[in-house]
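Open the model and keep the sequence beside it. We will go through it step by step.

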2 protein chains.
Amino acid sequence: MDENLLGIIAGALTSVAMLPQLLKVIKNKNAEDLSWGMLMVLISGLSLWVWYGFLKDELPIILSNAFAVLVNITLLICCIIYKKKSS
Amino acid sequence: MDENLLGIIAGALTSVAMLPQLLKVIKNKNAEDLSWGMLMVLISGLSLWVWYGFLKDELPIILSNAFAVLVNITLLICCIIYKKKSS
């Protein structure tokens, strides 16, 4: 199979799998199950993957990890908004 | 920075970020927040990333995604065990 196509399918699947958590947090306006610290670690790791993708010039890695960074930054923002409200 | 070192650091961070959820599910013996369907999508996507890593011969991608597959298969097993018990 073409490597780029494989990477894009892999990236699409792992990206889709993240969305339910995001939708759940937004819908319920509740982020108490999320941990600040872990989101920061995850966002750092995903950003390094994007950097890695640029160094290796691999579009599937750049796209899927950049999408994951966006999802997790949104989760982090939800975390800040909803935790403030509940305290 | 060396690409492989960068990939290994990125993989270590994203791997570490997954552990709290696993530990929480095992500790609380409660998997009601996890979705079967999403775990299956995630495991498929991560397995394709491992395959992609083999095609591209990139050890950081193989290692970090193989670890993620293991963590998510464990979550899936927890899901099956704990949901059976609670029903």
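The sulfur of A:Cys79 lies 8.1 Å from the closest cysteine sulfur, that of A:Cys78, which is too far for a bond. A disulfide here is a pair of cysteine sulfur atoms within 2.5 Å. A:Cys79 is also buried, at 0% relative accessibility. Buried means under 20% relative accessible area, exposed over 50%, and partly exposed in between, with a 1.4 Å probe and protein chains only.

This is a predicted model, where local features need pLDDT of at least 70, side-chain atom pairs count only at pLDDT 80 or more, and totals for chains, interfaces and linings use all residues. Residues are numbered from 1 along each chain as its sequence is written, chains are lettered from A and ligands numbered from 1 in the order written, and side-chain values use heavy atoms, without hydrogens and water.

Now look at chain B. The sulfur of B:Cys78 is 8.1 Å from the closest cysteine sulfur, in B:Cys79, again too far for a bond. B:Cys78 is buried at 7% relative accessibility. Over all chains, the search finds zero disulfides.

Next, find B:Ser15. It sits in helix α1 of chain B, residues 3-28. Helices (H or I, at least four residues) are DSSP runs, numbered from the N terminus. B:Ser15 is buried, with 11% relative accessible area. Beyond its neighbours within four places in sequence, B:Ser15 touches B:Ser64 and B:Phe67. Contact means heavy atoms within 4.5 Å.

Technical notes. Helices (H or I, at least four residues) and strands (E, at least two) are DSSP runs, numbered from the N terminus.
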